[in-house]
Amino acid sequence: MFLSVFDMFKVGVGPSSSHTMGPMVAGARFLELLRGSPFHPKGLKASLHGSLAFTGKGHATDRATILGLAGFLPDSYDHAKAEAVLADIAATGTVTPPGLPALTFRPETDLVFDYGHPLPGHANGMILMATDAQGDVILQETYYSIGGGFVLTDAEQTGAGKKAKAPSGVPYPFENAAGMLEMAEASGKSIAEMKRENELKFRSKAELDQGMARLWQVMNDCIDRGMATDGILPGGLKVRRRAKGIHEALLAERGRNLTAPHTINDWMSVYAMAVNEENAAGGQVVTAPTNGAAGVLPAVIRYWLDHVPGASQSKIGDFLLTAAAVGGIVKTNASISGAECGCQAEVGSAAAMAAAGLCAVMGGTVEQVENAAEIALEHHLGMTCDPVKGLVQVPCIERNGLGAIKAVSAASLALRGDGKHLVPLDAAIETMRQTGKDMHEKYKETSLGGLAVNVPNC
């Protein structure tokens with residue numbers, strides 16, 4: 001399956017790609033199903049299962065589901081309009097999605113958090129239902145939010161592993177790192193060049209370049225907003241925003257002869273933390289490859305642009321294309337979902353993508369790029385997803401900063417070598433998949449283990 005740069009990087013809304021964006025997209029898909037059905041619904045119901053139930057409150061899954069059923073989409077999300085619609089739904093007990101009649105929907109009774117067994121297809125499951133005038137279900141669909149804003153129906157999810165993959169039609173159809181290396185050697189092209197040619201099978205050069213420019217603009221704007229905003233993050237933990245204060249301190253110290261060399265790590269961290277503080281506040285972010293890991297890659301790009309001699313805005317497209325190629329390989333062969341494989345699948349994947357992108361724009365060979373991604377992923381293996389109170393705040397915000405630092409270190413180490421190394425990227429990805437499969441469910445975005453139960457939740 002071809003995964004575009006615009007699949008791996010999506011403009012959306014915080015705090016979670018799987019728990020916020022996914023349910024919103026599922027709601028929109030269900031509305032499309034209703035519009036094409038012969039039924040005449042009078043009401044809607046929804047149930048959330050598995051991780052969507054256990055950490056749904058902290059991830060605003062209920063809010064996202066309601067807005068999805070009201071016709072909202074992450075890419076065009078308008079916060080002020082959403083607030084007005086939510087208030088109207090609470091007051092009237094109805095939703096009025098475009099192209100459908102007003103439908104009864106009372107969130108307090110019609111949206112259920114089911115804390116029983118998860119649905120069989122994925123840890124992030126939800127069931128959306130349309131009812132008649134008597135309240136009987138006349139149409140129902142099960143959706144799985146599989147990470148990064150990707151949503152599959154039950155049929156799509158269960159059939160994904162059984163059907164033979166259709167040819168993608170792209171000139172460089174690599175599905176793993178070994179194939180990517182082989183195609184690069186045979187063609188003499190870089191990863192970004194191969195990925196670009198694949199993208200151009202589906203869109204024009206102008207569309208590709210404009211789309212990537214928008215992605216970076218949203219990422220960079222998010223960094224700037226985060227570094228300019230202070231206050232307390234929502235959710236009840238009373239986590240204080242720190243990016244603004246750290247940034248101001250770094251600016252004040254800039255130019256001093258006594259500044260320690262390791263201060264550069266604080267710059268990387270503050271860029272990443274700025275993004276994830278915005279994400280935690282429900283702001284606009286870009287999945288990279290998820291919202292929970294959205295700060296890693298933008299932080300590395302910003303570090304490169306602001307602190308590395310010779311960096312150029314003109315290479316940002318190559319950075320994103322290289323990162324997307326690596327992210328697509330990870331998603332195809334393992335997971336980018338914290339609910340499936342823990343945070344190794346989110347921040348670990350993000351660090352691998354960022355390391356690959358940085359190595360590429362700093363002149364690395366294809367072999368060095370693959371090595372950079374492997375180093376970054378290898379040193380996130382086993383990382384659990386245990387958000388305190390189900391909020392994408394602790395340890396998530398700082399974790400993005402450390403992920404950015406690891407990504408830069410991985411790229412630097414790879415550039416110091418010749419690309420030859422013991423552990424292939426494919427082996428690291430498969431190890432991540434197996435580790436995630438073996439990992440206890442309480443460490444996979446349920447807030448039932450780890451820091452989530454060893455830190456006071458009030």
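Helices (H or I, at least four residues) and strands (E, at least two) are DSSP runs, numbered from the N terminus. The structure described here is a predicted model, in which local features need pLDDT of at least 70 and side-chain atom pairs count only at pLDDT 80 or more, whereas totals for chains, interfaces and linings use all residues. Residues are numbered from 1 along each chain as its sequence is written, and side-chain values use heavy atoms, with hydrogens and water left out.

A cis peptide bond, with omega of about 10°, joins V394 and P395. K389 is placed in the loop between α17 and α18 as well. K389 is not a glycine, and yet its phi is positive, about 60°. With 36% relative accessibility, K389 counts as partly exposed; buried means under 20% relative accessible area, exposed over 50%, and partly exposed in between (1.4 Å probe, protein chains only).

Such features deserve attention because most residues other than glycine have a negative phi, and most peptide bonds are trans. A cis bond is also found between G14 and P15, with omega of about 10°, and P15 sits in the loop between β1 (11-13) and α2 (17-35). A60, which is not a glycine, has a positive phi of about 60°. This residue belongs to the loop between α3 (51-54) and α4 (61-69), and A60 counts as buried at 17% relative accessibility.

The strands come next. In β6 (residues 124-131), eight of the eight residues are buried. N124, M126, L128 and A130 point one way from the strand, while G125, I127, M129 and T131 point the other way. Two strands pair if DSSP finds at least two bridges between them. β2 (residues 43-50) pairs with β6 in the antiparallel sense over eight bridges, and A46 stands opposite L128. β6 is also joined to β7 (residues 137-147), again antiparallel, by seven bridges; here the partner of A130 is L139. β6 and β7 form a hairpin with five residues between them, and G135 in the turn has a positive phi of about 90°.

Among the helices, α11 (residues 243-253) has A243, H247 and L250 as buried residues. They lie on the same side of α11, because they cover an arc of only 65° around the axis, the arc being that of the directions from the helix axis to the C-beta atoms. The cover over the buried residues of α11 includes α10 (205-228) and α12 (263-280). After α11 comes G255, whose phi is positive, near 90°.

The interior may be described through its nonpolar cores, each a set of buried Ala, Val, Leu, Ile, Met, Phe, Trp, Tyr and Cys residues joined through side-chain atoms within 4.5 Å. The largest has 97 residues, of which F9, L297, I301 and L320 touch the most other members. Helix α16 (residues 347-361) gives the most to this core, with eleven residues. A second, separate core of 34 residues includes A26, F30, Y77 and I89. Leaving aside neighbours within four places in sequence, I301 is in contact (heavy atoms within 4.5 Å) with W216, I316, F319 and L320.

Finally, the axes of α14 (residues 316-333) and α16 come within 8 Å and cross at roughly 140°. These axes are lines fitted to C-alpha atoms, for helices over the stretch in contact, and angles run from 0 to 180 degrees between N-to-C directions. The residues that make the contact include F319 and V326 of α14 and A352 and L358 of α16.
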